[in-house]
Amino acid sequence: PLRCTGDALRAFHTAIRSSPVNTKNQAMKEQAQGTMLKVLTSFKSSEIEQAVNSLDRNGVDLLMKYIYKGFEKPTENSSAILLQWHEKVRVWCSLGSAMLRRVLASALV
């Protein structure tokens, strides 16, 4: 198990970066999903926000896809943890939208 915050965060970024998004190989996609689920469930609740905030928009979009895939095939206690990830992503997205609206509004003035 990934015990250290740094180890979990490194594993998280590695899993996001190495995600096989453009492959049609189902086995590869399922292996990546399993790896990501292990990584996501290794985080403590207090560490999730930092991980989400470390991503750019594309990373957050990919993370959300993994979260929904995790809901489709839950493992023991994974749904509760995935809900925490989902909430942090939702907050990230709403803050980003609010910030974008402010930037756009100030550009129009």
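The model is a prediction, in which local features need a pLDDT of at least 70 and side-chain atom pairs count only at pLDDT 80 or more, whereas totals for chains, interfaces and linings use all residues. Residues are numbered from 1 along each chain as its sequence is written, and side-chain values use heavy atoms, with hydrogens and water left out.

The chain has five helices and zero strands, where helices (H or I, at least four residues) and strands (E, at least two) are taken as DSSP runs and numbered from the N terminus. Along the sequence the elements follow the pattern α-α-α-α-α. Of the 109 residues of the chain, 33% count as buried, a term that stands for under 20% relative accessible area, with exposed standing for over 50% and partly exposed for values in between (1.4 Å probe, protein chains only). Among contacts between residues at least 6 apart in sequence, 74% join residues at least 24 apart, a contact being defined by heavy atoms within 4.5 Å.

Helix α2, residues 26–41, has a length that agrees with expectation, because its 16 residues should span 22 Å at 1.5 Å a residue and its end C-alpha atoms are 22 Å apart; the expected span is 1.5 Å times one less than the number of residues in the helix. The buried residues of α2 are Ala32, Gln33, Met36, Leu37, Val39 and Leu40. These residues cover an arc of only 160° around the axis, which puts them on the same side of α2, the arc being that of the directions from the helix axis to the C-beta atoms. The face of α2 turned away from this buried side carries the exposed residues Ala27, Gln31 and Lys38. In helix α3, which comprises residues 45–53, the residues Glu47, Ile48, Ala51 and Val52 are buried. Seen down the axis of α3, its buried residues fall within an arc of 140°, so they line one face of the helix.

Ile16, found in helix α1 (residues 5–17), is buried, with a relative accessible area of 12%. When neighbours within four places in sequence are left aside, Ile16 is in contact with Met36, Leu55, Gly59, Leu62 and Leu63. The C-alpha atoms of Ile16 and Asn58, which are 42 residues apart along the chain, are separated by 9.9 Å. Met64, in helix α4, likewise counts as buried, at 17% relative accessibility, and touches His86 and Val89, not counting residues up to four places away in sequence. Between Met64 and Leu82, 18 residues apart in sequence, the C-alpha to C-alpha distance is 9.7 Å.

Trp92 belongs to helix α5 and counts as buried at 19% relative accessibility. Apart from neighbours within four places in sequence, its contacts are Val52, Asn53, Leu55, Asp56, Arg57 and Val60; the C-alpha atoms of Trp92 and Val60, 32 residues apart in sequence, lie 8.6 Å apart in space. In the loop between α4 and α5 (78–108) is Asn77, which has a positive phi of about 65° although it is not a glycine. Most residues other than glycine have a negative phi.

The largest pocket has a volume of about 450 Å³. On a 1 Å grid over the protein atoms alone, a pocket is an open set of points where a 1.4 Å probe fits, with protein on both sides within 12 Å along at least five of seven lines, and lining residues have an atom within 4 Å of a point. Grid points are joined across faces, edges and corners, and the volume is the space filled by probe spheres set on the points. The pocket is lined by 17 residues, of which Lys29, Glu30, Gln33, Tyr66 and Lys69 lie nearest its centre. Helices α2 and α4 (57–72) each supply at least two residues of the lining, and α2 gives the most, with seven residues. By class, the lining has six nonpolar, five polar and six charged residues, where Ala, Val, Leu, Ile, Met, Phe, Trp, Tyr, Cys and Pro count as nonpolar, Asp, Glu, Lys and Arg as charged, and the others, Gly among them, as polar. Gln33, which lies in helix α2, is buried, with a relative accessible area of 16%, and, leaving aside neighbours within four places in sequence, is in contact with Tyr66, Lys69 and Gly70.
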